[in-house]
Amino acid sequence: MSSKRKKELGDLDESKRAGSIFPDEVLERVLSLVKSHKDRSSVSLVCKDWFNAERWSRTRVFIGNCYSVSPEIVVRRFPNIRSVTLKGKPRFSDFNLVPPNWGADVHSWLVSFASKYPILEELRLKRMTVTDESLEFLARSFPNFKALSLMSCDGFSTDGLAAIATHCKNLTDLDILENDIYDKSGSWLSCFPDTLKSLEVLNFASLNSDVSFEALEKLVKRCKSLKVLKVNRNINLEQLQRLLVHAPQLTELGTGSFSQEITLRQYYDLEHAFKNCNNLHTLSGLLESTVLYLQVLFPACANLTFLNLSYATLHGGELAGLLSHCPVLRRLWVLDTVEDKGLKAVGLSCPFLEELRVFPADPYADNLVHGVTESGFLAVSYGCRKLHYVLYFCRQMTNEAVATIVQNCPDFTHFRLCIMNPCQPDYLTKQPMDEAFGAVVKTCSKLRRLAISGLLTDLTFEYIGKYAKNLETLSVAFAGTSDWGMQCVMSGCPKLRKLEIRDSPFGNAALLSGLERSKKRRPVFRSHPLILR
């Protein structure tokens with residue numbers, strides 16, 4: 001160690017003993033500029049003065065597991081919070097693999113926030129249970145509330161949305177995404193007061209009922225700062241064109257159904273409306289789209305960086321035609337209906353691609369007539385060398401293919417391979433998929449998140465414990481042989497924060513083997529504790 005570094009460490013120790021050398025006002029001002037949760041957590045560990053300064057200057061808090069800490073502790077620790085992100089159920093709940101009434105009710109959190117955070121402006125919930133009563137309470141308890149995001153939540157209806165629209169006079173964001181919602185009617189959209197002009201984000205793509213287009217059009221027309229608009233399938237092409245005329249400033253657009261019969265004049269009007277959307281960088285929706293209507297999008301594709309087609313049942317040729325007009329695409333989500341042909345088009349057309357997600361159109365189909373294989377994944381890896389995030393659902397894979405993929409794209413930080421048939425081996429050699437995931441952790445030194453699947457033995461977990469030193473999140477289903485495999489992970493992955501396990505043979509001894517060490521290393525809120533779900 002250099003003498004300069006020793007001196008720096010000595011000065012740090014001195015500051016710990018004597019307290020901060022900065023006035024409180026200066027320190028709090030400096031810390032207000034630190035946005036990273038991890039960095040702020042590290043700051044709070046320097047000394048008592050820095051701990052207090054970080055406590056008072058923090059305005060945003062992220063809670064990755066609603067059961068890792070109580071709301072009372074949160075409000076006592078951080079008195080000036082304006083924005084809360086709160087996650088509840090495990091990711092397996094997205095696939096109906098969590099029992100009903102599992103928990104994660106948000107109401108007790110809202111009650112605590114109402115007593116201590118009257119200035120709360122933003123709440124982002126994921127996989128939480130939210131009732132209409134909770135939404136009514138939220139709307140009435142925080143007079144300056146501005147942003148609500150509900151993702152994969154359940155328990156509420158459009159009546160709750162009506163309460164938000166009615167009472168939140170300063171609303172800027174309403175983002176309703178993939179929720180299990182009781183969709184009574186679309187009348188909630190008419191509850192926004194005529195004086196509301198502040199809306200910047202409006203997403204109701206996952207709702208099914210008809211909405212009042214007259215109310216929607218008026219809302220879009222008067223909200224000149226609207227940047228994100230994602231509508232549901234009931235908004236037709238003619239209505240979409242009218243919305244785009246009122247909001248050419250959009251940066252993110254989610255369309256409704258893309259299959260309405262329209263006249264030639266309407267077609268040209270729609271094409272012209274898309275052409276005027278010069279700031280568009282994210283496009284989603286495109287439900288029931290056809291080749292003819294996809295062409296109206298081409299003028300707006302030049303600047304697209306994110307194309308979300310996870311609800312559009314496109315085939316390979318249709319995807320290829322669209323991608324040929326997206327030269328700077330960074331993120332792509334598709335259904336497996338594009339098949340390997342579509343993924344080969346990705347490899348040819350998207351040299352800057354960084355993230356790929358391939359979802360199953362029908363995850364429960366027995367006799368699959370479409371889908372993707374290792375061939376499509378390989379094609380992407382050859383053409384998209386910048387790829388660092390992948391979620392790939394398939395029904396067959398080989399060890400050799402995965403090894404080649406990570407050799408082509410060694411910078412993976414997120415590698416989530418989901419072979420949908422439990423305990424599926426390498427379909428060519430009939431061997432376990434141990435060497436596939438061994439290649440991933442050996443080659444991808446930056447790996448932070450890993451989801452494993454297929455036929456796996458303890459050897460996979462031995463590889464993970466030996467090589468995945470930066471791993472933070474591990475998801476396991478239907479895998480493993482004994483406790484020894486999990487003990488390798490718990491003892492060998494020093495940065496592991498979240499562990500999700502389903503239908504695997506690990507006992508309490510294995511799961512608890514790393515908890516004491518983790519607890520000492522990662523106290524709540526200073527950085528995230530290990531989460532066992």
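Student: Which residues form a nonpolar patch on the surface, with about 310 Å² of accessible area together?

Tutor: In this predicted model, local features need pLDDT of at least 70, side-chain atom pairs count only at pLDDT 80 or more, and totals for chains, interfaces and linings use all residues. Residues are numbered from 1 along each chain as its sequence is written, and side-chain values use heavy atoms, with hydrogens and water left out. A patch takes residues with over 30% relative accessible area and no salt bridge, joining like charges within 9 Å and nonpolar side chains (Val, Leu, Ile, Met, Phe, Trp, Tyr) within 5 Å; areas follow the Shrake-Rupley method with a 1.4 Å probe, and for residues only the protein chains shown count as cover. The nonpolar surface patch consists of Phe 95, Leu 97 and Tyr 364.

Student: Why does Phe 95 count as partly exposed?

Tutor: Phe 95 lies in the loop between strand E2 (83-87) and helix H6 (107-116), where helices (H or I, at least four residues) and strands (E, at least two) are DSSP runs numbered from the N terminus. Buried means under 20% relative accessible area, exposed over 50%, and partly exposed in between (1.4 Å probe, protein chains only). Phe 95 is therefore partly exposed, its relative accessibility being 38%.

Student: Which residue meets Asp 154 in a salt bridge?

Tutor: A salt bridge requires a side-chain nitrogen of Lys or Arg within 4 Å of a carboxyl oxygen of Asp or Glu. For Asp 154, the N to O value is 2.8 Å. The pair links distant parts of the chain, 65 residues apart, with Asp 154 in strand E5 (residues 154-157) and its partner in the loop between E2 and H6. Both residues are buried, and the partner is Lys 89.

Student: Is Glu 122, which forms a salt bridge with Arg 124, buried or exposed?

Tutor: The closest N and O atoms of Arg 124 and Glu 122 are 2.7 Å apart. Arg 124 counts as partly exposed because its relative accessibility is 25%. Glu 122 has 14% relative accessibility and so counts as buried.

Student: At what angle do the axes of helix H10 and helix H11 cross?

Tutor: Axes are lines fitted to C-alpha atoms, for helices over the stretch in contact, and angles run from 0 to 180 degrees between N-to-C directions. Contact means heavy atoms within 4.5 Å; among the residues that meet are Leu 240 and Leu 244 in H10, and Leu 270 and Phe 274 in H11. The axes of H10 (residues 237-246) and H11 (residues 264-275) come within 9 Å, and the crossing angle is roughly 40°.
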